[in-house]
Amino acid sequence: MASLMENLIEVLSQESEEYKGLLALSQKKMRIIASANLEDLQRITDDEQEVVGRLSRLEKRRIEVTADIANVLNKDVETMKLTNLIEMMSARPEDKAKLEEIHGRLRDVVREVQRTNEQNRELLEEALELVNFEMNMLQAYKAAPETANYTKGAYNSGAQMGVDSGSFDAKQ
């Protein structure tokens with residue numbers, strides 16, 4: 001049981017460190033979004049994907065170790081949560097203290113990552129709204145009043161002055 005607890009504490013510590021790295025990337029991403037540097041944004045997104053991959057592998061290991069602990073304790077794996085395990089460790093105060101400490105660190109860093117990601121989402125939405133506004137302005141600027149051209153049947157042709165059929169001039 002002691003080695004399982006050590007494994008769990010080690011995996012949780014590694015997860016905590018990876019989340020700290022993800023938090024640093026998310027905070028850097030916030031500055032990049034504000035500066036509208038697409039190349040840097042792509043690089044940081046790639047870096048985030050690498051961290052998420054490592055976190056996924058650690059999460060699988062954590063689930064395996066937790067399942068092993070649940071089997072040793074003869075508890076249901078589905079109900080075996082870290083908070084429950086901390087409560088069960090009252091007979092082993094050293095392990096309990098380590099688990100409480102790592103649980104607190106992990107919880108805090110995950111909350112901060114969530115908060116930063118929410119801010120990044122809002123920044124991206126604002127940037128998208130700005131792009132849409134600029135696109136609408138360009139389209140409105142390019143639109144001209146209709147001509148007074150009529151077809152053979154005496155209907156207005158609906159043609160606009162100075163506007164081609166395409167919306168963008170690819171030669172520019």
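Which elements do the buried residues of α2 pack against? I looked this up before anything else, keeping in mind that the model is predicted. The buried residues of α2 pack against α1 and α3.

**Entry: α2.** I checked the helix itself next. α2 runs over 38-73 and has 36 residues. From its first C-alpha to its last I read 51 Å, close to the 52 Å expected at 1.5 Å a residue. I then listed the buried residues of α2, which are L41, I44, E48, V51, L55, L58, V65, T66, A67, I69 and A70.

**Entry: the core.** I asked for the largest nonpolar core and got a set of 27 residues. M5, L8, L12, I69, L82, L85 and L99 have the most contacts inside it. I noted that α1, α2, α3 and α4 each give two or more residues to this core, and that α1 gives the most, with 10 residues.

**Entry: L82.** Leaving aside neighbours within four places in sequence, L82 is in contact with L8, L12, L99 and H103.

Entry: I finished with the largest pocket, whose volume is about 440 Å³. It is lined by 19 residues, and L12, E59, R62, K81 and L82 are the closest to its centre. I sorted the lining by class and found 10 nonpolar, 3 polar and 6 charged residues. At least two lining residues come from each of α1 (2-35), α2 (38-73), α3 (82-88) and α4 (93-142).

Definitions and conventions: Residues numbered from 1 in each chain as written. Predicted model: local features only at pLDDT ≥ 70, side-chain atom pairs only at ≥ 80, totals over all residues. Heavy atoms only, no water. 1 Å grid on protein atoms, 1.4 Å probe; cavity = no way out; pocket = protein on both sides within 12 Å on 5 of 7 lines; lining within 4 Å. Points joined across faces, edges and corners; volume = space filled by probe spheres on them. Helix = DSSP H or I, 4+ residues; strand = E, 2+ residues; numbered from the N terminus. Nonpolar A, V, L, I, M, F, W, Y, C, P; charged D, E, K, R; others polar. Core = buried A, V, L, I, M, F, W, Y, C linked by side-chain atoms within 4.5 Å. Buried < 20%, exposed > 50% of the residue type's maximum accessible area, 1.4 Å probe, protein only. Contact = heavy atoms within 4.5 Å. Expected span 1.5 Å × (residues − 1).
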